[in-house]
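Trainee: I would like to learn how to read helices and their packing from a set of coordinates. Could we work through an example together?

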Amino acid sequence: MLEQDRRRFPPVPAALKDGRVVVIRHIAGEDADAFADFYEAIPRADVRFYCPHPLTRERAAEEAAAADHPFRVRLVAVDDGGVIAGCAHYGWRDAESPAGGFGICCRRGYQGCGLGRALMTRILEIAREVGPPLMYLTVQKTNARAVALYQSMGFEIVREQVRRAFDEFPAEPEYFMQRPTR
């Protein structure tokens with residue numbers, strides 16, 4: 001996201017259901033190591049939920065370095081110890097894109113306490129003014145908690161499809177969901 005747009009959307013605190021507070025802010029280049037640590041903390045069994053890209057230190061560094069990309073919004077939720085607890089992104093191809101893809105990832109110790117909803121709420125606030133008017137995502141049908149969260153945030157199932165197999169993970173059914181951003 002461009003610097004002038006990032007200034008319009010400053011960091012915000014988010015109180016979680018368990019009493020913890022995180023700060024939701026835009027990723028920055030200096031977050032590369034903390035973001036890499038975040039990726040490394042994702043259990044291998046959970047990686048199937050977070051494709052399409054590898055969750056590697058190299059990829060984390062690339063994403064932090066791309067903080068100024070004009071067609072991406074990447075947020076991180078940082079706890080009081082400086083640990084990245086979760087992230088969300090909204091990205092699109094170019095200025096004429098009719099829709100952009102959304103994704104979210106929360107550390108296991110931060111799942112189920114409202115962090116996902118807080119990240120989604122903030123990225124939707126930003127998406128009302130920045131980016132395409134339509135946001136989409138994919139989610140495995142078996143990930144019932146995520147499906148319920150997305151539906152509660154206004155996403156609708158458009159179709160069922162099959163996520164391709166990758167690494168040791170077999171192909172599996174998923175939903176393609178979308179919602180307007182404005």
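Trainee: How many residues does helix α4 have, and what span does it reach from its first C-alpha to its last?

Mentor: Bear in mind that this is a predicted model. Helix α4, residues 115-127, has 13 residues and reaches 18 Å between its first and last C-alpha, which is close to the 18 Å expected at 1.5 Å a residue.

Trainee: How do the axes of α4 and α5 lie relative to one another?

Mentor: Two packed helices are described by the angle between their axes and the distance between the axes. The axes of α4 and helix α5, residues 144-152, come within 11 Å and cross at roughly 35 degrees, and the crossing is right-handed. G116, R117 and M120 of α4 make the contact with L149, Y150 and S152 of α5, and these contact residues divide into three nonpolar, two polar and one charged.

Trainee: Is R6 buried or exposed?

Mentor: R6, which lies in helix α1, residues 3-8, is buried, since its relative accessible area of 14% falls under the 20% cut-off. The side chain of R6 reaches the backbone oxygen of M1 at 2.4 Å, and, leaving aside neighbours within four places in sequence, R6 is in contact with residues including H26, A67 and D68.

Notes: Residues are numbered from 1 along each chain as its sequence is written. This is a predicted model: local features need pLDDT of at least 70, side-chain atom pairs count only at pLDDT 80 or more; totals for chains, interfaces and linings use all residues. Side-chain values use heavy atoms; hydrogens and water are left out. Helices (H or I, at least four residues) and strands (E, at least two) are DSSP runs, numbered from the N terminus. The expected span of a helix is 1.5 Å times one less than its number of residues. Axes are lines fitted to C-alpha atoms, for helices over the stretch in contact, and angles run from 0 to 180 degrees between N-to-C directions. A crossing is left-handed if the near helix is turned anticlockwise from the far one by less than a right angle, and right-handed if clockwise. Contact means heavy atoms within 4.5 Å. Ala, Val, Leu, Ile, Met, Phe, Trp, Tyr, Cys and Pro count as nonpolar, Asp, Glu, Lys and Arg as charged, and the others, Gly among them, as polar. Buried means under 20% relative accessible area, exposed over 50%, partly exposed in between (1.4 Å probe, protein chains only). A polar contact is a pair of N or O atoms within 3.5 Å; within protein, one must be able to donate a hydrogen and the other to accept it, and residues adjacent in sequence count only if both atoms are side-chain atoms.
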